[in-house]
Amino acid sequence: MNKLIKIVPVMLIAITFMACGGSDDGGSAPPTPNTVPTAVSNLIYPSSDLLCIDTNIEFEWAAATDADNDNLEYTIKVATDRDQTNIVAQQTTSNTSVLITLNPGIAYYWNVVASDGEDEAEASPTLAFYTEGEGVSNYVPFAASIIAPEMDAFLDSGSVSLQWSGSDVDVDDTLTYDVFFGTTDTPDLLQSDVIATTLDVTTVAGTTYYWKIDTKDNNGTKSIGQVWTFTTN
């Protein structure tokens, strides 16, 4: 009995020491996570489908916002295709405008991405414009832009409505569309000379589909669309 009484105080001292030891991390607070800035929501100039008579173009956009009040930078990309794989000009600036010189007689597509130095926002909408060429009487229509299904979307199988939009700086031109659709990344022509900007297709479950739209005007000029894709559940 006496042996047990002598052991208890030693155990209490050990427990007290462990309880008062504290944590090994020094009690430092975890770092505050960075807040991603908002996307640039408004491209001011060149506006959508504009015919620019000057090739020295002062691009302008609305400022993004940042909840952390970080200093923001903007990266502008100008390409000759809507999905921006062929970029011809790219600049980063802390301003909301920049002067870029381009070639005449070409359709361009541009957008802007805001960054706070740690994270990038989503890209702004992509707008199209044309630079006027000498002696040009008819311009190629702009490449079609996607409405639905969204790129890489997952959808229920069955009837799917393909929807897109088309535009042309020659506002009096009549546009028609060649619709390509299939299960390979080089889809076959499904229907030509479509007047509407929507077409229903039939799909089966568990399949990835590819589609694109070529845009034609009544003068016979054509723009080749990019390939879009979606998958059925």
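View 1. At 6% relative accessibility, Tyr130 is buried (under 20% relative accessible area, 1.4 Å probe, protein chains only). Tyr139 is buried too, also at 6%. The two rings pair up edge-to-face, 4.7 Å centre to centre with 65° between the planes; pairing takes ring centres within 6.5 Å (for Trp, the six-membered ring), with planes under 30 degrees apart called stacked, over 60 edge-to-face and the rest tilted. Tyr130 also meets Phe142, with centres 5.6 Å apart and planes at 45°, so this pair is tilted. Phe142 is buried as well.

This is a predicted model: local features need pLDDT of at least 70, side-chain atom pairs count only at pLDDT 80 or more, and totals for chains, interfaces and linings use all residues. Residues are numbered from 1 along each chain as its sequence is written, and side-chain values use heavy atoms, leaving out hydrogens and water.

**View 2. An aromatic cluster.** Phe59, Tyr108, Trp110 and Phe129 come together as one aromatic cluster. The structure has 12 aromatic pairs.

**View 3. A lysine over a ring.** Lys212 sits over the face of Phe180, 4.6 Å from the ring centre. The criterion is NZ of Lys or CZ of Arg within 6 Å of the ring centre and within 35 degrees of the ring normal.

Conventions:
Buried means under 20% relative accessible area, exposed over 50%, partly exposed in between (1.4 Å probe, protein chains only).
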